[in-house]
Amino acid sequence: MDVLKRAFLMNIHPYSKGDEKMETLQQTISIDPMTRIEGHLKIEATVENKKVIEAKSEGTLYRGFEQILIGREPLDAVQITQRFCGVCPTPHAIASAQALDDAFSITPPDNGRIIRNIMQGSNSIQSHVLHFYHLASLDYFHGPEIPPFIPRYEADYRVPKAVQESLTNHYIQAYQIRLKAHELCAIWSGKMPHMASIVPGGVTIRPRIDNITTSLWRLKELTDFIDNVYLPDVIMLAQIYRDYLQIGSGCGNYLAYGQFDLEANPDVTKRKRLLPMGRIVNGILL
Amino acid sequence: MSVKNSISRREFLQWAVAAPVSVTFLPRLARALQEAIKKYPIIWLQTSTCSGCSVSVINTIHPSIKNVILEQVLPGHQLVLTYHGTLMAATGKLSTKAAHEAAQKYQGKYILVVEGAIPTKGDGHYGSIGEEDGKPISMLKWIDFLGRNAMVTLAVGTCAAYGGLPAASPNPSQSKGVSEVYEMLNISTAVINIPGCPSHPDWFIGTVAKILLYGMPTPDELDEFGRLNLFFSRTVHNRCVNRDYLDDGIMAEKFGDEGCLLELGCKGPFTRADCPIRLWNGSVNWCINAGAPCIGCTEKGFPDEHSPIFQRR
């Protein structure tokens, strides 16, 4: 896609704020609660000479799902674990079902595997749109002068007024798009949030040609938004804030368990996935 | 627990955030003032929650969530979302300050929405939001302050209504629903339960609209679990589309079978909700039509009394 190629080829120049006097003193910044996330989080960072020298994160809620699961019927795990999160119940449901598939040595049929993937894919679209527009974007532009857009910290807003307006419109439009992504998911899952149809062995829903047809067209509507509104907004902000691409990489260690099974291999470590599992250690992909 | 049956127009006008204009000056202006937009501050507190109820509420189609928070949700009535941990622009201390200021400025006049159960073990330290004097402010403390000064409390979702998932055995955090915590803390603010896991956006919007237009529900409008009969009077089983299968004795025996789902553990007979009529997500589907048994998510006993999920109760 042209738009992606341009993003990867663009030059990255450090952003200079001019004659800013930097404190050499240590400064500890504590943000509690961190809003525009799911859940309860406190972040504490110690900054010295424009560098974060120490950072801590603290989850400020404990519910005890692991303890709650002990002693229950194994099949109940799919429903219980979904309630970790109302934004992303899908991966928890699917992970629970896959763990049970493994425990009972069940190989879901292709339809079961594919329908699980459709549910995961549609909720991923929902959660990405929600994240970019409704959670993250208010750090890059400000909404209208009414709650919940005020009060706000005056962040490093750089977008010109015209972009400010288009981002506001896209933010509003994105509410509709994400609920449509949930509708696509619910055609297969029964309802969203918290899906009914995922079970060990596959799914409870029998595919019908009308569901498949409507899903194709619902997905097209979502894809149009992603291609014509969402991606261009991401790239536009990335260009305006290109200096941000130089910061915040953390300690360089990342882990991914993979997503979207492409086959029914009983060995979960060898199963082919669209997004493979893997590790990055010290910034190097292993 | 005192329950106000209605809120007079006068009371609304007294705190309506409208430009102050002398009512005696011009009859037309007087009329305009009377018809001024009534604003209702909402403080949406997320406690021991998965945020699914917020995600579900923003799935509302007509009205859209934009209509609900940025426009008059009903002509002449505007909700003002002064605090919401997932949506608000402010973060950290600024967000906590916003909640405190709203509660103080609109004392006795704001709608407190609680999403999530409240951890009560110890001094409530299993859940905290923000800090005061370097110490975490427990969710229990938030509830105490915000609940006491609210006009009404909407307990959205089964967790807020009855404890829900965090309160499932062995309830490590000793989480409780709002009504139970209010009793513990001697708070007399009225509570309306809007359960569900998650709650359906229509149930939330419908309950809010009912309060805006008609004031607090009368006792006979609420069932014994504090839910509006409007949405929770009949069981899922009463109106299930699979009753014809049950009548014909066609029972699903394994997942994917056509037929009544009772043998697969359907809790429809014990669950009051209008899901069979309303359906979910723009009415595209519901649990039963996805071949999955009802898990009883609107009920006080969810999940423990409805477990194991796939076995008949």
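So, α5(A) and α7(A): in this predicted model, their axes sit 12 Å apart and the two helices pack at an angle of about 30°. An angle under 35 degrees counts as roughly parallel, so that's what we call α5(A) and α7(A). The crossing itself is left-handed.

Who's touching whom? On the α5(A) side, you've got A:Ile125, A:His128, A:Val129, A:Phe132 and A:Tyr133. Facing them from α7(A) are A:Leu219, A:Leu222, A:Phe225, A:Ile226, A:Val229, A:Tyr230, A:Asp233, A:Val234 and A:Leu237. Sort that contact by class and you get 12 nonpolar residues, 1 polar and 1 charged.

Now, keep an eye on the rings in there. A:Phe132, A:Tyr133, A:Phe225 and A:Tyr230 are joined by ring pairs into a cluster. Over all chains, the count comes to 18 aromatic pairs. A:Phe132 with A:Tyr133 is edge-to-face, with 4.8 Å centre to centre and 85° between the planes. Are those two buried or exposed? The cut-off for buried is under 20% relative accessible area. A:Phe132 comes out at 11%, so it counts as buried, and A:Tyr133 is buried as well, at 0%.

Then A:Tyr133 also pairs with A:Tyr230, and that one's tilted: 5.8 Å between centres and 55° between planes. What I'd point to here is that the pair links distant parts of the chain, with A:Tyr133 in helix α5 and A:Tyr230 in helix α7 (residues 209-240), 97 residues apart. A:Tyr230 has 13% relative accessibility, so it counts as buried too.

Okay, next neighbour. Which way does α6(A) run relative to α5(A)? The axes of α5 (residues 110-136) and α6 (residues 161-189), both in chain A, come within 9 Å and cross at roughly 165°. Anything over 145 counts as roughly antiparallel, so α5(A) and α6(A) are roughly antiparallel to each other. This crossing is left-handed.

From α5(A) it includes A:Ile118, A:Met119, A:Gln126, A:Leu130 and A:His134; from α6(A), among others, A:His170, A:Tyr175, A:Arg178, A:Leu184 and A:Trp188. In total that contact has 15 nonpolar residues, 7 polar and 1 charged.

One last thing to look at on screen: A:Ile125, A:Val129 and A:Tyr133 are among the α5(A) residues that meet α6(A), and these three also turn up in the contact with α7(A).

Note on methods:
Residues are numbered from 1 along each chain as its sequence is written. Chains are lettered from A and ligands numbered from 1 in the order in which they are written. This is a predicted model: local features need pLDDT of at least 70, side-chain atom pairs count only at pLDDT 80 or more; totals for chains, interfaces and linings use all residues. Side-chain values use heavy atoms; hydrogens and water are left out. Axes are lines fitted to C-alpha atoms, for helices over the stretch in contact, and angles run from 0 to 180 degrees between N-to-C directions. Helices (H or I, at least four residues) and strands (E, at least two) are DSSP runs, numbered from the N terminus. Angles under 35 degrees count as roughly parallel, over 145 as roughly antiparallel, 65 to 115 as roughly perpendicular and the rest as oblique. A crossing is left-handed if the near helix is turned anticlockwise from the far one by less than a right angle, and right-handed if clockwise. Contact means heavy atoms within 4.5 Å. Ala, Val, Leu, Ile, Met, Phe, Trp, Tyr, Cys and Pro count as nonpolar, Asp, Glu, Lys and Arg as charged, and the others, Gly among them, as polar. Rings of Phe, Tyr and Trp (its six-membered ring) pair if their centres lie within 6.5 Å; planes under 30 degrees apart count as stacked, over 60 as edge-to-face and the rest as tilted. Buried means under 20% relative accessible area, exposed over 50%, partly exposed in between (1.4 Å probe, protein chains only).
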